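Subject: Structure handover, with notes on salt bridges and the sheet

Dear colleague,

I am passing on the structure below, followed by notes on what was found in it. Please read the notes with the coordinates open beside them.

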Amino acid sequence: MIRKKTDIKMEFSALEKKINELVLLYGKYGHIGISMEWQEKKIEYNNSDLFPSASLIKLPILIELYEQAKEGEINLQHLIKIADIEPVGGAGIVQALSSSSTLTIKDLAALMIITSDNMAANFLIDRAGANRINDRCKKLGMHATKLNRKMMDEQARRRGIENSTTPLDMLKCLKEIKKSEILFSVLLQQQLQSKLPFYFREESAIQIANKTGELDGVDHDCAILQFGNQTFYVSVLTEQFLDDNKAKEFIRLIGKCIAAFLKETREGE
């Protein structure tokens, strides 16, 4: 079956209609922001609105870390003793390891992304430098994204100090990651797949590289969806939801709509 470009355009319009219906349905529960792109076609909703970044801020940390490694400033194979990493709670597994264990900086970077490890993230913020991470965001055109505090810094949060980003900035971040096979491969190993990837379980032909973010009343997910030689970028940010389950449900349904769209476009090739 040969599918005309106009047919695909109509299908993308149908996807946009479904997304708008979900926004209308779930927008009453809280603040929603969306940015999507596929073959230069876009779906945007509050895509420049500012949100607490939660763990999405770990993506620009990863980019800056590998840029410094490329310049020879950081040795990714350098061994770090767990005992030398400041303990914090929240997500991750480093806190559960023996204090006598060692990990490479590369290992810590992987854990920061695929298990959203907070101890690893805080160590890498110190190693790469918060100012340089923020400078990297500016270079990538992510002007609203700012790293203002470390993970699990409740004192800073109580003072109103928060990390921030926008759906559009996270889309730019995903595009930068996709340029690097190494960074994309790290994201492909993601273990936290209960949001956007939830309905992709039977779509084995689609590669999913995602990163979630969570705080009290905050739920995010952003992803690179690779199928054949085509790439779909999506970032969904939510806040002020009194019911976290509603926020997760919304993000999952966004993923479900995208999965159906991608399946249909593949079947028509």
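E64 is buried, at a relative accessible area of 1%, where buried stands for under 20% relative accessible area, exposed for over 50% and partly exposed for anything in between, computed with a 1.4 Å probe on protein chains only. Please keep in mind that this is a predicted model, in which local features need pLDDT of at least 70 and side-chain atom pairs count only at pLDDT 80 or more, while totals for chains, interfaces and linings use all residues. Residues are numbered from 1 along each chain as its sequence is written, and side-chain values use heavy atoms, with hydrogens and water left out.

The side chain of E64 forms a salt bridge with that of R136, at 2.7 Å from N to O; the term requires a side-chain nitrogen of Lys or Arg within 4 Å of a carboxyl oxygen of Asp or Glu. This pair connects distant parts of the chain, since R136 belongs to helix α5 (residues 130-139) and E64 to helix α2 (residues 58-70), 72 residues apart; helices (H or I, at least four residues) and strands (E, at least two) are DSSP runs numbered from the N terminus. R136 is buried as well, with a relative accessible area of 16%, and a network of salt bridges links E64, E73, R132 and R136. By the same rule, the count of salt bridges is 14.

Another of these joins K248 to E214, with 3.8 Å between N and O. Because K248 lies in helix α9 (residues 244-267) and E214 in strand β7 (residues 207-215), the pair ties together parts that are 34 residues apart in sequence. K248 is buried at 18% relative accessible area, whereas E214 is partly exposed at 43%.

Strand β7 also belongs to an open sheet of five strands, ordered β2-β1-β9-β8-β7 with antiparallel pairing, where two strands count as paired if DSSP finds at least two bridges between them. Its edge strands, β2 (41-45) and β7, each pair on one side only. Within the sheet, β8 (residues 218-227) and β9 (residues 230-239) run antiparallel and are joined by ten bridges, with F227 standing opposite Q230 in β9. Helix α8 (residues 181-188) packs on the sheet and touches β7 and β8, its direction making about 65 degrees with that of β7; contact means heavy atoms within 4.5 Å, and angles run from 0 to 180 degrees between N-to-C directions of axes fitted to C-alpha atoms, for helices over the stretch in contact.
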